[in-house]
Amino acid sequence: MKPIEKHTIGMGDRFARQGQAQLAAVCRAHEEGIGVFPVWNKSNREHTIVGSHPDDLRAEADAAVAALGWQRPYYVDADHIGLATVDRFLAASDFFTIDVAEAIGKPAAADRHAAALKALGPLMGAIDVPGLPGGLRIDFATAEQTVAKFLPAAEEAGRIFRHIAAHRHDEEFVTEVSMDETDAAQTPEQLFVILKLLADEGIPLQTIAPKFTGRFNKGVDYVGDLAAFQREFEADLCVLAFARDRFGLPATLKLSVHSGSDKFSLYPVIKKLLRRHDAGVHVKTAGTTWLEELIGLAESDGEPLALAKEIYAQALDHYAELTAPYATVIDIDMRRLPTAADVAGWSADGYVSALRHVPSCPAYNPHFRQLLHVAFKVAAKKGAQYFKALEEHAAVVSRNVTDNLLDRHIRPIFG
Ligand SMILES: [Zn+2]
């Protein structure tokens with residue numbers, strides 16, 4: 001096991017061009033006394049769409065670290081992997097996000113189910129959890145249902161963890177288990193039982209990504225009941241701290257918040273609760289770096305602005321195809337999307353202010369932003385033309401990437 005730092009930020013970069021600009025934000029945070037550590041993450045789905053390989057992400061991270069002289073820890077995360085996809089990540093990654101959402105609710109072997117339920121015996125009844133008003137109450141029905149639902153997922157996590165460990169030899173790594181891409185948020189009681197099941201699998205779990213209440217749409221703010229989120233997040237922090245000692249899980253165990261970019265209304269809540277409970281967190285941001293590239297191109301006016309406009313026009317043309325894989329994590333009202341002709345008439349400032357995530361700006365358009373968020377395939381198809389534009393306007397693009405990460409994410413969460 002490679003022990004992870006208390007505060008870490010997951011950074012995605014679709015086209016692997018902004019590693020230095022991202023790391024620059026982390027360096028500036030350290031200069032300000034904010035001890036946050038970088039994790040570069042990319043999922044198999046994303047590699048497949050863009051046509052990249054996990055080794056490319058390792059190369060990007062190592063190059064950024066060398067260029068900026070970063071001497072502190074950093075990680076490369078194989079994001080949302082399973083048994084079928086993990087192999088090509090084994091050499092390049094030292095952080096593995098084991099996604100077991102698909103195994104939730106699958107049938108488990110009867111003897112395994114009975115054994116897991118028996119092991120929960122001593123935990124049944126009322127449990128006093130420090131910091132959690134009312135504590136936890138695990139009755140037989142809750143234990144039974146939770147084991148039935150999550151045991152297959154815990155077993156699958158165990159299989160994947162052992163597969164990684166067997167192939168990484170002596171090389172240490174961080175293990176995360178994610179259950180965020182599923183339909184229902186897990187209750188604190190369920191989380192407690194899940195942690196027990198994962199501990200029994202012998203997984204040195206350091207980060208866990210539950211599904212939280214509310215909508216975590218890609219690249220836009222949280223939609224949901226803030227008070228409910230606060231109660232849930234605080235209960236989860238208490239359960240984690242308690243389960244860590246009780247089940248012998250690593251002292252570094254912490255929550256991981258997926259689709260964590262742009263959740264501006266949650267950041268003050270998360271920040272306050274981390275402080276109150278002296279807790280760590282991993283916040284995973286992903287595809288929004290590519291939107292900063294578009295903003296940088298638009299800001300540069302002239303030809304690069306025309307390219308940004310053309311990408312939007314093609315995104316509109318391929319609306320159904322681009323949005324289908326993300327149907328559960330975007331909410332686009334098509335009536336609020338500008339037409340290609342509208343956008344063709346926009347100034348650089350018009351494009352930038354519609355896209356940049358400044359909720360107080362009247363021109364900001366979350367529908368326009370969400371469509372472009374999932375439209376990176378259009379830029380990938382442009383290939384050399386897109387990359388050349390990024391190179392020619394690297395200064396303005398990287399300023400946007402760095403500022404977005406530092407001003408709108410790192411400072412509000414960890415500052
Ligand atoms: Zn996720």
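Helices H4 and H5 are oblique to each other, a class that comprises angles other than those under 35 degrees (roughly parallel), over 145 (roughly antiparallel) and 65 to 115 (roughly perpendicular). The two helices, H4 (residues 110-119) and H5 (residues 140-168), pack at an angle of about 130° with their axes 10 Å apart. Axes are lines fitted to C-alpha atoms, for helices over the stretch in contact, and angles run from 0 to 180 degrees between N-to-C directions. On the H4 side the contact is made by Arg112, His113, Ala116 and Leu117, and on the H5 side by Ala143, Glu144, Val147, Ala148 and Leu151; contact requires C-beta atoms, placed from the backbone, to lie within 7 Å. By class, this contact has 6 nonpolar, 1 polar and 2 charged residues, where Ala, Val, Leu, Ile, Met, Phe, Trp, Tyr, Cys and Pro count as nonpolar, Asp, Glu, Lys and Arg as charged, and the others, Gly among them, as polar.

The model is predicted: local features need pLDDT of at least 70 and side-chain atom pairs count only at pLDDT 80 or more, while totals for chains, interfaces and linings use all residues. Residues are numbered from 1 along each chain as its sequence is written.

The chain has 17 helices and 10 strands, defined as DSSP runs numbered from the N terminus (helices H or I, at least four residues; strands E, at least two). The radius of gyration of the chain is 22 Å, close to the 22 Å given by the globule rule for 415 residues, so the chain is as compact as a globular protein of that length. This radius is taken over C-alpha atoms, and the rule is 2.2 Å times the number of residues to the power 0.38.

A closed barrel of 8 strands runs E1-E2-E3-E4-E7-E8-E9-E10 with parallel pairing, pairing being assigned if DSSP finds at least two bridges between two strands. The twist averages 25° from one strand to the next. Strands E3 (residues 75-81) and E4 (residues 95-99) run parallel and are joined by 3 bridges; Ala78 has Phe96 in E4 as its bridge partner.

The axes of helices H1 (residues 19-31) and H3 (residues 54-68) come within 9 Å and cross at roughly 55°, which makes H1 oblique to H3. H1 passes H3 in a right-handed crossing. Gly19, Gln20, Leu23, Ala24 and Cys27 are the contact residues of H1.

Terms used
Left-handed = near helix turned anticlockwise from the far one by under 90°. Contact = placed C-beta atoms within 7 Å.
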